[in-house]
Amino acid sequence: MASFPNSLIAEASRAISRYAAHQRVLEAMALRLPLPQVLSRLVQSIEDAAPEMIGAVMLLDETGTRVVTGAAPSLPIEYSNSVNGLTIGPTTGSCGTALWRRERVVVTDIATDPLWANYKQLALPHGLLASWSTPIVSSNGSTLGSFAVYYKTARGPAPGEIRLVEDAVDLACIAIGQERAENSERRSASHYRAVVETAPSAIVGLDAEQRVTEWNRAATDLFGRTRDEMIGKHFGTTCLSVEAAATFDQCFGASHAQRMQAVCETEISHADGSKRWALWSMSPVFSSDVGVGGGLLAIAQDITDRMEAESALRSSETQLRHSQKMEAVGRLAGGIAHDFNNLLTVIHGNASLAMQDAIADSPQHVALSEVCDAAERATSLTRQLLTFSRREPVEPALLDVNEIVEDLRRMLGRLIGEHIQLETTLSSKVVVVKADRTNIEQLLLNLVVNGRDAMPDGGVLNVATAQVVLDDEEAALRELTSGAYVKLSVSDTGSGMDESTRARAFEPFFTTKPAGEGTGLGLATVYAIATRHGGAVAIETQPSVGTTVSLWLPRVSEDAESTRRSDEHPVQVGSGTILIVEDEEAVRNLSRRVLVAHGFRVLEASNGEDALQVWSKHRNEINVLITDVVMPKMGGPELVEKLRLERPDLAVVFCSGYSDNMVLPTSGDDVHTAFLGKPFTLHGLVERVVRLTSVVRPAPTPAKT
């Protein structure tokens, strides 16, 4: 467990000490000690918390024109006497000016500040070099006095010192208000009400049964309930939730039983239904006549803003940790994908070539088929890692989602088995999205596999599409913008999920399957694909009933492009010169063998710089450039940029299994560029090259001399 920084420990220690000191002030007020004693305790508590400060409470007299010393335990007596009775005004030092302006006044150098021009001779001989003062104003707007601070160095207040004094001003306001009320009507009910009502914090008096005996104006503001509504009511059941009431009861019981101050934080319920947070300070009520009373005084401070800020900070930290974890997974995937996909290309490609020469159904043919199947499974795992980490190259196109479902239907039927009934409910309206077909197929396959695994004893699996329009409220729930979407849903009648499982369903590597039966990347990949395409995903589930996973992808109005997969039939023999740029020798050799076998002439280079040298000798012969994206010395995109300065319509096949989320220009009007993801099939390689050589003009013929 990480240790707290020393600065936080020190701050907490100071806060506890400060709170204890404030409690002593409140006790002095409760015991009706003389105002000078109460204010002296208050000033001393501030000086203890910040030793560099010398404090004083100056009171405004009944005429509202002069200041008198209320408490200044650490100021030189000569100085206190000299400023006692001064008339306030616009240039009467820090204290008199603050009372005149009714705002905080800070003077960092008494010797030079014009506010002290007529009074600096009173302060400087005593080593008082700087001063600032904060007015003490009651809740009804009356100015009661000011809290003055002096330093023996020329400086201004630190933020922490300002907060200390602001807390002290609140207590001074209560103390001064109490004293003045007592002066007008000693120990009368009206006096007590005046003190309580001027308090800036909510004050709730409670008897031993938690029935409300006191309720001030600040409590009305905080809880939204008037004094008349609350007197005699049980506080916990009226203003707190069940959970908050339990915390409040524990704090109340500790304070009541031990006759000591207790502190806690609880959520509170406002009358309008909103939830807020309060910091409670509970103290037993002492009586000078009978010793100890039977109730408590609970003072509440609204800390809703602080709690919301802390909650937002925790949420941000959680999101940051999640983002960092996802980035780590992505970097891991990207780090292995390039080399791993090169190896898979070589394994799958050479096994496919060998299968062509093996006798059908022979042990050699069966073994090679197993190798190809294993390579395809490894390819799927790598693709899911890259998709999840947003590092898989994409080829966005206009896709008809209904067409994709229909194209995959036969394969899905074989995938789920005969014990599960596959149903489709496809929209009669156009459901076109702009997306990468491989991504959408992967997404659908993952959802179908998840549904199948949730129904080991059989059931019904339904794939549905629909046109939907999300309004502002619905879109906000999905963290989307309002507008038109295609909704793709996959429902099963399986085991469903409990809430804890549903909450973690999209986490990478989280799975409920036994070891060896799942990677935990299925729904994580679905989430990554949906968000990558500007969409959203949600789960509706109920244990023993089933699960529906729904996706919303932005709908487009254009017609879908023809993106159906071509059958793996032999392609026609080609012609022309191909330049292969690939840093992995085994991949380069495999590609050369396949292309030469289909009638092409092949030139080779191991990186972009070598390719430029080959180009300089054969620029007029090369028809198509096949280049890896990530290579040492010079990568594919940079190489293509240089070559297309000479020949803008150069046919290019980008070939990579990792491009750090690069979206290559392989769709739309660009007929000169194609992308081939690694690990690729031999058919796919030849098909891309033949397609490009059929739509672009031949390489220029050198002029005869």
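This is a predicted model: local features need pLDDT of at least 70, side-chain atom pairs count only at pLDDT 80 or more; totals for chains, interfaces and linings use all residues.
Thr 627 has a relative accessibility of 1% and, because buried means under 20%, it counts as buried. Colour the strand around it: Thr 627 belongs to β20, which covers residues 622–628.

Now show what surrounds that threonine. Leaving aside residues up to four places away in sequence, Thr 627 touches Val 581, Gly 636, Leu 639 and Val 640, along with Val 652, Val 653, Phe 654 and Cys 655.

Next, move to helix α15 by selecting residues 437–453. From first C-alpha to last, the 17 residues of α15 reach 24 Å, close to the 24 Å expected at 1.5 Å a residue. Twelve of those 17 residues are buried, so α15 is largely enclosed by the rest of the structure. To see them, highlight Arg 437, Asn 439, Ile 440, Glu 441, Gln 442, Leu 443, Leu 444, Asn 446, Leu 447, Val 448, Val 449 and Gly 451.

Turn the view to follow the crossing of α14 past α15, which is right-handed. For the α14 side of the contact, show side chains for Glu 403, Ile 404, Val 405, Asp 407, Leu 408, Met 411, Leu 412, Leu 415 and Ile 416. On α15, the partners are Arg 437, Ile 440, Glu 441, Leu 444, Leu 445, Val 448, Val 449 and Arg 452.

Finally, colour this contact by residue class: between α14 and α15 you will find twelve nonpolar and five charged residues, with no polar ones.

Conventions. Residues are numbered from 1 along each chain as its sequence is written. Side-chain values use heavy atoms; hydrogens and water are left out. Axes are lines fitted to C-alpha atoms, for helices over the stretch in contact, and angles run from 0 to 180 degrees between N-to-C directions. Helices (H or I, at least four residues) and strands (E, at least two) are DSSP runs, numbered from the N terminus. A crossing is left-handed if the near helix is turned anticlockwise from the far one by less than a right angle, and right-handed if clockwise. Contact means heavy atoms within 4.5 Å. Ala, Val, Leu, Ile, Met, Phe, Trp, Tyr, Cys and Pro count as nonpolar, Asp, Glu, Lys and Arg as charged, and the others, Gly among them, as polar. The expected span of a helix is 1.5 Å times one less than its number of residues. Buried means under 20% relative accessible area, exposed over 50%, partly exposed in between (1.4 Å probe, protein chains only).
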